Amino acid sequence: MGRGIVLMGCLVVTMLACLGGAVATEYIVGGSRGWTASPNITIGYYDKWAANKTFKGGDSLRFELNGTHNVANVSRENYDNCIKTTTLAFGGNSWYILTLPENANGTNYYISTVNSDCENGQKLAINFVSLTSAGSPSSSASSITAVALSMLVLSIIAMFRS
């Protein structure tokens, strides 16, 4: 009986570890600096910030809007040329949370449309993967989780048969 409880405990821990791979993440854009303009950041700062992160559908971006800064979701052309478009959120010591679509892949582009913020580096391009795309981290986690759950159920049945 004691051995069965230990086995069940190990399986539960394994299952919980697998579930952790499928959880969405909230990123504070720019880290401790937030969504700000020069002289607080330099050109390329946000792209460097995003470069070592893996964004997936369902994750969220938290833009901490200090002062007059805002955020707009733009096309690649508007990103490259800092063309001002409709904004998603306006500043004033607030924040804006954007959840990435679960069914899309590719790159999203964001800029500040205030004055010359974009030209001075307040812009972000992120690549993300869909939760539903084949071979994505969450697909692997879901498969492993299903196996772990099956093993847990079989172990419980076996434990009660002993």
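In this predicted model, a cluster of rings joined pair by pair takes in Trp 35, Tyr 45, Tyr 46, Phe 63 and Tyr 110. A ring pair comes down to two things, the distance of the centres and the angle of the planes. The count of aromatic pairs comes to seven. Take Trp 35 and Tyr 46: their ring centres are 4.8 Å apart and the planes sit at 50 degrees, so this pair goes down as tilted. Trp 35 belongs to the loop between strand E1 (26–28) and helix H2 (45–51), while Tyr 46 is in helix H2 itself, so the pair links parts of the chain eleven residues apart. Both Trp 35 and Tyr 46 are buried.

Phe 63 and Tyr 110 make another tilted pair, with 5.5 Å from centre to centre and 55 degrees between the planes. Since Phe 63 is in strand E3 (residues 60–65) and Tyr 110 in strand E7 (residues 106–111), this pair ties together parts 47 residues apart in sequence. Phe 63 and Tyr 110 are buried too.

A ring also turns up with a charge: the charged end of Lys 123 sits over the ring of Tyr 79, 4.5 Å from its centre.

Strand E3 is also part of an open sheet of three strands, ordered E1-E3-E6 with mixed pairing. On average, neighbouring strands here are turned by 25 degrees against each other, ignoring direction. E1 and E3 run parallel as a pair, with three bridges, and Tyr 27 stands opposite Leu 61 in E3.

How values were computed
Residues numbered from 1 in each chain as written. Predicted model: local features only at pLDDT ≥ 70, side-chain atom pairs only at ≥ 80, totals over all residues. Heavy atoms only, no water. Phe/Tyr/Trp six-rings, centres within 6.5 Å; stacked < 30°, edge-to-face > 60°. Helix = DSSP H or I, 4+ residues; strand = E, 2+ residues; numbered from the N terminus. Buried < 20%, exposed > 50% of the residue type's maximum accessible area, 1.4 Å probe, protein only. Lys NZ or Arg CZ within 6 Å of the ring centre and 35° of its normal. Pairing = 2+ DSSP bridges. Axes fitted to C-alpha atoms, helices over the stretch in contact; angles between N-to-C directions.
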